[in-house]
Amino acid sequence: MAAILELKDVNKAFGGVQAVKDMSFKIETGELAGLIGPNGAGKTTIFNLITGVYNVTSGDMEYKGRNINKLKTYQVVSLGIARTFQNLRLFAASSVLDNVMTAAQQHYKYSFFEAISHFGRWKKLERLTRGESMDLLERVGLADRAEQAAGTLPYGLQRRLEIARALSLKPELLLLDEPAAGMNADEVDQLNELITSIHRDFNLTILLIEHHMDMVMEICPHIVCMNFGAKIAEGSPDEIQNHPEVLKAYLGEEE
Amino acid sequence: MDGYVLGIINLLAINCIAALGVSLFTGFTGVFTLGHAGYMAIGAYTAAILTVEHGVHFIPAIIAGGLLAMILAYLIGLPTLKLVGDYYTIASLGLGEAIRLVIENWQSLTRGARGYPGIDNYTTLPVSLGFLLVMGIGMFFLVNSSYGRAFKACRDDYVAASLLGFNTARYRVLSLAISGFYCGVSGALLAGFMSFVQPVMFDMAKSTELVSVVVFGGLGSMSGCLIGTTILTLITELFRPISQYRMLIYGLVLVLVMVLRPEGIMGTNELSLRYIKSIFRRRKKMSATEEGAR
């Protein structure tokens, strides 16, 4: 299998702060990989670099063999990368359905003149956008709340909505930033199920940032662990659990 | 109906067209503007000069006024809207005044501060209402399309919007260009309504009035900006007999709405049968829970 995403010696500095240091890893097509590390390790910065929110200071990022260092965020999306956010970024005042439709419409574009006249393809493409969005809401269990304002959903459901919104972009690589943050054990179980099932059914490659260790260990066969911006370990859950550097990062050193 | 009432309706239609434009840019795309009177001035003078000096029919002249304002808006938007933040707002402050000053000093073309007289009285009621109808429907259709969702996405969270594949700067510029067109047409209609234009008609006060009706009606509601324009235009007209003091009432109404309903009259809702029904349903629910509490 070919690597869908490859980071080679990626560095990111904010002034004097080295947020990411010589980071290299490879994600194979179709993998469900985990990215873990203590708070402030630079995990979200990695996502921001991949999606073009920040530019790398040095190093190379390749997506399907193509360099994506200099791409703008919206160009990254059109290549097939979608992400969710650690601190939810939903359009809170818009309805749940509108949130998903805003993303789903990327695949059903019509011209400006069709938009102001409602002639031509407007009706057909709006119906397709709506139908596809409803299917996805059904999938994540939000179909009955489609008309509700997104900001009024309970926290756990807002996270599911973000996943649905990202999925409607029809990505090949999905980056999930702490999807289980703030969830209780039951909700985490349900989320596990959702992630593994969308990974299977949508033919996705998923890279997941998570703090719930048991969750990552359960669903990700490939884990990258980082601390202070650098990779400290990579491998299977068993390898990670017994890796001395990982234990040191999470539990501290023995005196 | 007597001429005075017809005149007010005419003026109302003209103001509504400009408000629709500002509502798209400020209400739906989320960028404040303090210079849209400048685009109105461009439209007004273009239409005036074309009809008076070149004998162009008024309908192409009005559209030309809109287009010229749109092109200018596009050119201004390109550098200032690339950046996220209040850069355009600051630029628009200067821009509105700059347009006015250029018109005031370009004697040979615009006849300067004394104004431009002798414009045909082409803005009859059917003309202004016709323009309002067509442009109003277009605007409602636009905000109810994928473009409307894109504008709102750029307003609510530009990072999320760009990660859903929107080139947010492009959408902001597009929104400004459209709103420039609406204001240009509105200005061109105003020229034909007054049959006289003067730079001072398009000063800062006019620009702030355009934004205040939109905020008053509700940012993110097209019907709200129409209602806001109607109320504020009527206040200034109905209280004309008490001359200067009507601005007191105007100010008072603005302050009252901002205190009692900070989100504007309509908030982000559109006036529709469904919205009216939902108000009544909420009322019923409230009285039901009150009874339940007792």
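Student: How do the elements of chain B run from the N terminus on?

Tutor: They run α-α-α-α-α-α-α-α-α-α-α-α-α, which comes to 13 helices and zero strands. Helices (H or I, at least four residues) and strands (E, at least two) are DSSP runs, numbered from the N terminus. The radius of gyration of chain B is 20 Å, close to the 19 Å given by the globule rule for 294 residues, so chain B is as compact as a globular protein of that length. That radius is taken over C-alpha atoms, and the rule is 2.2 Å times the number of residues to the power 0.38.

Student: Where do these coordinates come from, and what counts?

Tutor: This is a predicted model, in which local features need pLDDT of at least 70 and side-chain atom pairs count only at pLDDT 80 or more, while totals for chains, interfaces and linings use all residues. Residues are numbered from 1 along each chain as its sequence is written, and chains are lettered from A and ligands numbered from 1 in the order in which they are written.

Student: What pLDDT does chain B average?

Tutor: Chain B averages 88, and 97% of its residues score at least 70. pLDDT is the predictor's confidence in each residue, from 0 to 100. Within chain B, confidence is highest in α9(B), at a mean of 94, and lowest in helix α13 (residues 273-293), at 71. Where pLDDT is low, the predicted coordinates should not be read in detail. The model as a whole scores ipTM 0.87 and pTM 0.89.

Student: Back to α9(B). At what angle do α7(B) and α9(B) pack?

Tutor: Helix α7 (residues 146-156) and helix α9 (residues 168-194) of chain B pack at about 115°, with axes 10 Å apart. Axes are lines fitted to C-alpha atoms, for helices over the stretch in contact, and angles run from 0 to 180 degrees between N-to-C directions. That makes α7(B) roughly perpendicular to α9(B); angles under 35 degrees count as roughly parallel, over 145 as roughly antiparallel, 65 to 115 as roughly perpendicular and the rest as oblique.

Student: Which residues make the contact?

Tutor: Ala150(B), Phe151(B) and Cys154(B) of α7(B) meet Thr168(B), Tyr171(B), Arg172(B) and Ser175(B) of α9(B). Residues are in contact if their C-beta atoms, placed from the backbone, lie within 7 Å. By class they divide into four nonpolar, two polar and one charged. Ala, Val, Leu, Ile, Met, Phe, Trp, Tyr, Cys and Pro count as nonpolar, Asp, Glu, Lys and Arg as charged, and the others, Gly among them, as polar.

Student: And α1(B) with α6(B), at what angle do they cross?

Tutor: Helix α1 (residues 3-28) and helix α6 (residues 125-143) of chain B cross at roughly 20°, their axes coming within 9 Å. The two are therefore roughly parallel to each other. Their contact residues divide into 16 nonpolar, three polar and no charged.

Student: New topic. What is the secondary structure of chain A?

Tutor: Chain A has ten helices and ten strands. Its C-alpha trace spans about 70 × 40 × 35 Å along the principal axes.

Student: How many residues does the contact take from chain A and from chain B?

Tutor: It takes 25 residues from chain A and 20 residues from chain B. On the chain A side, α2 (73-79), α3 (96-104) and α4 (112-117) each supply at least two residues. That side has 13 nonpolar, nine polar and three charged residues.

Note on methods
Two residues are in contact if their C-beta atoms, placed from the backbone, lie within 7 Å.
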